[in-house]
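Q: Please take one part of this model and go through it closely. Start with the strands and how they pair, then move on to the side chains elsewhere.

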Amino acid sequence: MSEWWKTAVVYQVYPRSFADSDGDGIGDLPGITARLDHLAALGVDVLWLSPIYPSPQDDAGYDISDYRDVDPTFGSLADLDRLLAELHARGMKLVMDLVVNHTSDEHPWFAESRSGRAMAKRDWYWWRPPRAGMRAGDPGAEPTNWRSAFSGPAWELDPATGEYYLHIFSRKQPDLNWESPEVREAVYAMMRWWLDRGVDGFRMDVVNFISKDPALPDGHGAGGAFVTGSEHYICGPRIHEFLAEMHREVFAGRDGLLTVGEMPGVTVDEARLFTDPARAELDMVFQFEHVELDQGATKWELRPLRLTDLKASLARWQAGLADVGWNSLYWGNHDQPRAVSRYADDGEHRVRAAKMLATVLHMHRGTPYVYQGEELGMTNAPFAGVEDFRDIESLNHYAEAVAAGEDPEHVLASLRAMGRDNARTPMQWDASEHAGFTTGTPWLAVNPNHVEINAEAARADPGSVFHHYRRLIELRHTLPVVAHGDFTMLLAHDERVYAFTRRLGDIELLVLGNFSGEPVVAELPEPERWRAAELLVGEPADEPLMLRPWEGRVLRA
Ligand code: TEU
């Protein structure tokens, strides 16, 4: 039972956009419960639920003001208990989102902390006086030159106490000070509370940011007055100590759980330490390398993706965690644009391309994550103007870039390509007015292509992306080589074909993906070996190594 997640597939639900049961235009828990048959039909094992806790929604729920309740927009604790019971009744598990690098500035902990320098919870957050020799509020008086991930300085002045507090994300998301044992114990007690309610694990938000260098040095590098400073808080000095302590205090003695740490900037070597079972920290991490290969210095500077870069990165992670630890596998989530639009073709070849991306990802060694709508081949949305966006990261970037003189149309192009709202348009259940998502007015416009791309149509079409995902998930559940086979990358220098093998005992699979709009032949070293192979996934072809545009295939020797 301990490493059950090695044969599992996780489905991520973004509650604001999944299913609205009360017509207020925002998804909710009863809406999710009413749609569980969709997940059961897909065959997934785990539901990862993005935050549903009370929140001012400054960052769409990743700013929590009460960790032990449900925001009324999403429902109630009773609704959550019902969702959990219905999931367990279908043999599925529930993983909650744990957001403890920061709280909301409306959380009672922060309210007390900011209320006075001598308050007991003052050190529950990072408070500092203005930079030496500077007056509070003066430009550059911030304690460090760190930049917020959502634009602007990472420090906010609190006029009442004349000190600044740290916020790596928005000013309404003050960072918790994990140096404080009281903070850590409060978090562990909350986690135990949820596990005692029956939830099956946690996806941990930017958990490799929780240990900062307590000296809070200035950051280095390009970027003008403010730089990320992330070298002082990504995988900080006590990160392994904290995660080992968390494991002892929360997970030790409990079975059947899944823990995954979201870790921007994590390296293969660090991931080996985090996910080595002998070290009892985490089961797996989300690394970001493959979702930053088409970006320049910032996510808004677009650059073409080279398939050889993508293959090199994913091959390194496969090799790096082959003998110790475990990989998570994902193309998308609520922070990334839609995979078929970003990595392939969301036009003429959309269905074949979406299937190819799924085939390539799900045949890697690791635990696959399916982001809601990916199983339908949902695409990026046609945002016309800045008024169509809702995400704080995009809106802050637009405001800052335009104020700095950038051409608004140019900035909009970046938002259209990389904006997180692309992933957050409502789930497309059917072809009706608001795609069956709500009877009200959706908080974010439904993608007009829902008339063609929707669950109802996909379920009725045996050749759909949906049934392709069912097939891949079934193979992971039935064919041990898929979960446990060794991984070997092939054709590393080919800019069009993604090819690799998986081997377990005398079973060997060949996985092929054409990342181009042209027909290609996979120029393998021993082609004849595969000519007689059995087709496991994909469309039959006279020449099994010949791939149509954006086509994927799996052969078993
Ligand atoms: O994301 C952290 C993170 O790395 C993202 O900010 C990411 O870099 C960016 O969105 C890529 O565009 C987590 C959550 O997944 C995200 O939704 C939250 O906004 C963020 O933490 C703060 O909680």
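A: Helices (H or I, at least four residues) and strands (E, at least two) are DSSP runs, numbered from the N terminus. The model is predicted, so local features need pLDDT of at least 70 and side-chain atom pairs pLDDT 80 or more, while totals for chains, interfaces and linings use all residues. Residues are numbered from 1 along each chain as its sequence is written, and side-chain values use heavy atoms, without hydrogens and water.

The part to look at is an open sheet of 5 strands in the order β12-β13-β14-β18-β16, with antiparallel pairing (at least two DSSP bridges between two strands). At its edges are β12 (486-490) and β16 (534-537), each of which pairs on one side only. From one strand to the next, the twist averages 25°. Strands of a sheet pair through backbone hydrogen bonds, either parallel or antiparallel. Between β12 and β13 (residues 497-504) the pairing is antiparallel and runs over 5 bridges. Phe 487 has Arg 502 of β13 as its bridge partner. Helix α8 (residues 307-320) lies across β12 and β13, and runs at about 20° to β13 (axes are fitted to C-alpha atoms, for helices over the stretch in contact, that is, heavy atoms within 4.5 Å; angles run from 0 to 180 degrees between N-to-C directions).

The whole structure has 27 aromatic pairs (ring centres within 6.5 Å; planes under 30 degrees apart are stacked, over 60 edge-to-face, the rest tilted). Tyr 11 and Phe 18 make an edge-to-face pair, 6.2 Å centre to centre with 75° between the planes. Another edge-to-face pair is Phe 286 with Tyr 369, at 4.7 Å and 75°. Phe 286 is in strand β9 (residues 284-286) and Tyr 369 in strand β11 (residues 367-371), so this pair ties together parts that are 83 residues apart in sequence. Trp 146, Phe 150, Phe 169, Phe 209 and Tyr 233 form one aromatic cluster.

Two arginines also sit over rings (CZ of Arg or NZ of Lys within 6 Å of the ring centre and within 35 degrees of the ring normal). Arg 16 lies over the face of Trp 443, 4.4 Å from the ring centre. For Arg 122, the charged end is over the ring of Trp 127, at 3.8 Å from its centre.

Methods
Rings of Phe, Tyr and Trp (its six-membered ring) pair if their centres lie within 6.5 Å; planes under 30 degrees apart count as stacked, over 60 as edge-to-face and the rest as tilted.
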